Amino acid sequence: MSFSRETDHGTPPALATGKAITLTIDGQNVTLPEGTSIMRAASLLGGSIPKLCATDNVESFGSCRLCLVEVEGRNGYPASCTTPVAQGMVVRTQTERLKQLRRGVMELYISDHPLDCLTCGANGDCELQDQAGAVGLRDVRYGYDGATNMGQAKDQSNPYFDFDPSKCIVCSRCVRACEEVQGTFALTIEGKGFDSKVSPSQGEDFLGSECVSCGACVQACPTASLIEKVVVEIGTPDRAVVTTCAYCGVGCTFRAEMRGEELVRMVPWKDGKANRGHSCVKGRFAWGYAQHQDRILNPMIRASVSEPWREVSWEEAIAYTASEFRRIQGKYGTRSIGGITSSRCTNEETFLVQKLIRQGFGNNNVDTCARVCHSPTGYGLSQTFGTSAGTQDFDSVMHADVILVIGANPTDGHPVFASRMKKRLRQGAKLIVIDPRRTDLVQSPHITAEHHLPLRPGTNVAMLTAIAHVVVTEKLYDEAFIRERCDWDEFMDWAEFVSEAARSPEAIEPLTGVKAEEVRAAARLYATGGNGAIYYGLGVTEHSQGSSTVMAIANLAMATGNVGREGVGVNPLRGQNNVQGACDMGSFPHEFSGYRHVSDDATRSLFERTWGVTLDAEPGLRIPNMLDAATDGTFKGLFVQGEDILQSDPNTHHVAAGLAAMECVVVQDLFLNETANYAHIFLPGSTFLEKDGTFTNAERRIQRVRKVMAPLNGYADWEIVQLVANAMGLAWTYDHPAQIMDEIAALTPTFAGVHYDRLEAEGSLQWPANDAAPDGTPTMHIDGFVRGKGKFVVTDYVPTDEKTGPRFPLLLTTGRILSHYNVGAQTRRTANTAWHPEDRLEIHPSDADNRGLKDGDWVTLRSRAGETTLRALITERVAPGVVYTTFHHPETQANVITTDYSDWATNCPEYKVTAVQVMASNGPSDWQQDYAEQARTSRRIVPLEAAE
Amino acid sequence: MSDDTHVMSTTDRLIYMAHQIARNMAMMGEAKATEALAEHLTRFWDPRMKAQIVAIAQDQPERLSPTVAAAVARMAQGWPAPDVDAAQFNAVDEAGHCDAG
């Protein structure tokens, strides 16, 4: 793609009414949906009415008076952006009078605007400049000697963009984008008349304001008033490539705008079906890690982790990898090695890693980071609905009447989807939040949750069962739906179970700490409020009853008939960009791609015929079981692609012990991550900007990742896996990821219709995409569940074994923050650290008072598993008795604290419930000091030249 | 588990895991729970984990509840795994059993 701006039709599409309007614009007849603006109609005809305050991602405003038109039979000169088309209307967009009026308007704008176009960062990419040309402005009669708004100080506080009020034309596009697109309401127009100016929050600078740096204002700005610092530094781009973000599971598509091989900026793509032209601070701005000096670009090996790394050639590193794995298998057996696929890598890459393990290693010891996040979703939704996936697309939320968010904090974890959700809530949908913390969704500008159920961590199943109790005992269930779509006998068993008095809101109030009446009211709203949609996150899955909670959610949706159409459903908000895809691709140790068990003879035969080997019919080890087996001495080698288990997985001591017990740990990553401290071979990875492939987002949408620059390390990740495979004797011959996708399609029924040419033509496809659903499947289970009849599963509340007591009286729950992503390996290497330079411990004022703690004090956080130190953040966001922290910084290592307890069905760790004590601290823990020294020693590198 | 440590041996962990699964299946009733647990172990546990829990059932039967013991016995009936080369363990230091690649 060469560089051209995306077309801006000026105003958004009209809401569908089904009625068409025919009119004439500049002599051309056109028929359009009712409600379309004249401006948009003219644009769709190929014209362009001059405009400044209008842009098609926000509602029309009618302030700039540049888009005036003449309409036959009407007096005056209406603004085309605010005037809807009407039947038989005759419009003229260019007349002598209009030209005169527009020039007059433009003169006023330019009389208060710096004339520094040649040195301006937006030169060549400025709508004011363009429109001055479009209206034929040649002179400013007022001169420049009068009062102006020029010469005002720039606000350069934001690390990614500058605000120059001197160049602001007060069109309010930024203010409206912040309100309508992002939903943060951080910007306003301060003052009146000539003194009007854009202001973040209450006259603060951008960095100190409520601004979340999503970039919507920068994108909306028609001048250089809000402009990316990098554009100022580099200049305007000369080409653009559409690709998919490598951060969260929303899967935003962006135009990577380039100059040569240099990335100038990432701009959200308006045609992206997941993000609809919006972005967050991570995807929009936090891509600097791709060129960070910490990136490792040469392969490295060492015989022991106590030695420094030795840079070697790719040939030596690959040969050493293969020989070590074969040596270990020869000594300890076929099942003594395994690997971990990455949810940050592409579908094609994860498919190849699991293929390497199944075909090359000869076992099923493959797992993925979904083990520690959404594996209970796979189990729970497979049991109840028949497949491991969310039921809706993101657009569906715009049809929801009641939105139930449980164990998710989308404004931080899935910000672009959260903006859609907030838009729907501002339109009037009701909100129920079930979360121990008072997340931003509970109370934010123009949004107040109807019900916030701040339950005690670990009581999700009791809470959902109590809601089900109300639904059943008050006969709020959808009997017709259940009889038609579900197993009625199983429903009756479940209904009898949930109806028991012991499961009523009143009975469980002492467990959850939530008032029974509030639970009853929330249950009634969800069951009777119209389309009810459930969105959930890791606050559901990362518990000892994670799978039970997923099934309890599915039960509730089926009981109320909220499955199988737009606006309803069960929607897991996936954490990483390709966690859905990694699971789809057969990254779990018990199943092939498409969620087919390895013991299934027909499926295994299909793979055996294609790959030409006998495959293991026994499930392999999960990540925690790999570590157990390592400490037992039966698991000796691990291939880890794009995953940092030492920082992300629970009970760091146990992970470290497992890694230390292995004879060969291979890490393929961008950076020397924490796991690499225990590695013997390091294979440098490539970023999403450096390779082709696909990601699958939380709505099952498969989207292209496109290479925009050559891999700095020399190879795309899929090429590196192929080199390892071939060194181990496999004869892989892939030239391009498209061939890998063809193999996936041939082996996986739900992907049978997914090929690169289809993706190019359609933009994206949501699986299942096959003969039965050639265009993909936006909404699942429309006519029936994948498993046939929906299955109600009785989910008894079994309390976690992680108990508070005198020594550990508080409950710790962990999570993430908007500016950082997962273990922070990427975002810590960007300016996002301006917002979150360290992990902090949120603690309620009463708990802080009891311990004599002040905000910012260093505290020791101790559990049965370990201890660490970090600074306190005193806040009422957490309830008394609950503390919270993030896990983005290795200096903190929050997972030193978390325990080995895990979900009963999947071993997904119980990150969300750890009994802890908090006390004032004198400094870093012994473990932190030891670890810092070990990490420093482990990262020594002998360069290639010196090693030779 | 004591208040002092959070480190389990693999044996303890497997016993804990089996009982945790059983507790979450208890509402099914004894017979169904036994079948479901046996199936769960068969479908999700790696052969060495299966072998270890079978050994525990033989050597330390007092550590397994009746439901878990019955499920392990039930699982063992349908196991060992299909006899394919790739599923075999090698003895330590015994090379040559790997058919991969």
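In the predicted model, A:Cys280 counts as buried at 9% relative accessibility, where buried means under 20% relative accessible area with a 1.4 Å probe and protein chains only. A:Cys252, with a relative accessible area of 7%, is buried too. A search of the whole structure finds zero disulfides over all chains, a disulfide being a pair of cysteine sulfur atoms within 2.5 Å. For A:Cys252, the nearest cysteine sulfur is that of A:Cys245, 6.0 Å away. For A:Cys280, the nearest cysteine sulfur belongs to A:Cys248, at 6.1 Å.

This is a predicted model, in which local features need pLDDT of at least 70, side-chain atom pairs count only at pLDDT 80 or more, and totals for chains, interfaces and linings use all residues. Residues are numbered from 1 along each chain as its sequence is written, chains are lettered from A in the order in which they are written, and side-chain values use heavy atoms, without hydrogens and water.

Helix H26 (residues 737-747) of chain A is mostly covered, with eight of its 11 residues buried; helices are DSSP runs of H or I of at least four residues, and strands runs of E of at least two, numbered from the N terminus. Among the buried residues of H26(A) are A:Ile740, A:Met741 and A:Ile744. The buried residues pack against several elements of chain A, including helix H9 (347-361) and helix H27 (756-762), contact meaning heavy atoms within 4.5 Å.

An open sheet of four strands in chain A has the order S2-S1-S4-S3, with mixed pairing; two strands pair if DSSP finds at least two bridges between them. Strands S2 (28-33) and S3 (70-71) of chain A stand at the edges with a single partner strand each, so one side of each lacks a neighbour in the sheet. Strands S1 (residues 20-25) and S4 (residues 90-92) of chain A pair in the parallel sense over two bridges, and A:Thr24 stands opposite A:Val90 in S4(A).

Note on methods. Buried < 20%, exposed > 50% of the residue type's maximum accessible area, 1.4 Å probe, protein only.
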